[in-house]
Amino acid sequence: LLDKFGWESKESSSTADLSHDSTLRQYVIRTLGVAHHKAVVDELKKRFWNGWESVPAEYLRLCFSTVVRQDGEKGYQAVKDIYENADSALLSRHALVALGKSPEKKLQEKSLDWGTDGKSVRAQDVRWILASVTKTAPQVVWEWFGIMKPLIKPVAAALRSRCSCLTSCWTNTTSSSRKLYGEVPV
């Protein structure tokens, strides 16, 4: 399929064909990238390191995530630099999501610490890092919240009295999640 659709748009006889091919191309490349298909991973990394600005917008998040997953600290720092110099909210979001995709626990924890330090990431954007690391390594996030318990507990207690959503979120979690992760850390 990758050979059929390629990386770039091809001349087409109609707008409908072009739109259909574009949608399929994006699906094929994203699916193969998430599955760590060697040819796609190599191409994404090549495009990133040869100038990520030329990567089509529909592949930026996948490209950034691939570099963070595959290139360790070097890839992580490169994507973090992109976030720090981003000129659009969408580019920032792509970078933040990618930073949570590292398979390395120390980089996952680094993302959580950096993203919640109150200076580096805007408060409304912290959720992108939390969600990304949670999807990649839920146990790391759970342990991180446990470490942060002394700092979070007073805030959570104040919120709990004013906001029923904290308790309803925990009440609605499955019993298997509770067994896996233990009691709520706050």
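This is a predicted model: local features need pLDDT of at least 70, side-chain atom pairs count only at pLDDT 80 or more; totals for chains, interfaces and linings use all residues.
A residue counts as buried under 20% relative accessible area and as exposed over 50%.

Helix α8 spans residues 126–136, and its buried residues are Val 126, Ile 129, Ser 132 and Val 133. These residues lie on the same side of α8, because the arc they cover around the axis is only 140°. An α-helix has 3.6 residues a turn, so residues three or four places apart point the same way. The face of α8 turned away from the buried side carries Arg 127 and Lys 135, which are exposed. The cover over the buried residues of α8 includes α6 (89–99), α7 (105–115) and α9 (138–147).

In α9, the buried residues are Val 140, Val 141 and Trp 144. They line one face of the helix, because they fall within an arc of 95° when seen down the axis of α9. Their packing partners are α7 and α8.

**The second largest pocket**

Helix α8 also contributes to a pocket: with five residues, α8 gives the most to the lining of the second largest pocket. This pocket has a volume of about 400 Å³. Its lining comprises 14 residues, of which Arg 61, Ser 65, Arg 69, Val 97 and Lys 101 lie nearest the centre. At least two lining residues come from each of α2 (15–34), α4 (60–70) and α8. By class, the lining holds six charged, five nonpolar and three polar residues.

**Aromatic pairs**

The model contains four aromatic pairs. Two of them are listed here.

| Pair | Centre to centre | Angle between planes | Geometry |
|---|---|---|---|
| Phe 48 and Phe 64 | 6.0 Å | 85° | edge-to-face |
| Tyr 83 and Trp 114 | 5.4 Å | 85° | edge-to-face |

Phe 48 belongs to helix α3 (residues 38–49) and Phe 64 to helix α4, so their pair ties together parts that are 16 residues apart in sequence. Phe 48 is buried, with a relative accessible area of 4%, and Phe 64 is buried at 0% relative accessibility. Both rings belong to one aromatic cluster, formed by Phe 48, Trp 49, Trp 52 and Phe 64.

Tyr 83 lies in helix α5 (residues 72–84) and Trp 114 in helix α7, so this pair ties together parts that are 31 residues apart in sequence. Tyr 83 is buried, with a relative accessible area of 10%; for Trp 114, also buried, the value is 8%.

Note on methods
Residues are numbered from 1 along each chain as its sequence is written. Side-chain values use heavy atoms; hydrogens and water are left out. Buried means under 20% relative accessible area, exposed over 50%, partly exposed in between (1.4 Å probe, protein chains only). Helices (H or I, at least four residues) and strands (E, at least two) are DSSP runs, numbered from the N terminus. The arc is that of the directions from the helix axis to the C-beta atoms. Contact means heavy atoms within 4.5 Å. On a 1 Å grid over the protein atoms alone, a cavity is a set of points where a 1.4 Å probe fits but cannot get out, and a pocket is an open set with protein on both sides within 12 Å along at least five of seven lines; lining residues have an atom within 4 Å of a point. Grid points are joined across faces, edges and corners, and a volume is the space filled by probe spheres set on the points. Ala, Val, Leu, Ile, Met, Phe, Trp, Tyr, Cys and Pro count as nonpolar, Asp, Glu, Lys and Arg as charged, and the others, Gly among them, as polar. Rings of Phe, Tyr and Trp (its six-membered ring) pair if their centres lie within 6.5 Å; planes under 30 degrees apart count as stacked, over 60 as edge-to-face and the rest as tilted.
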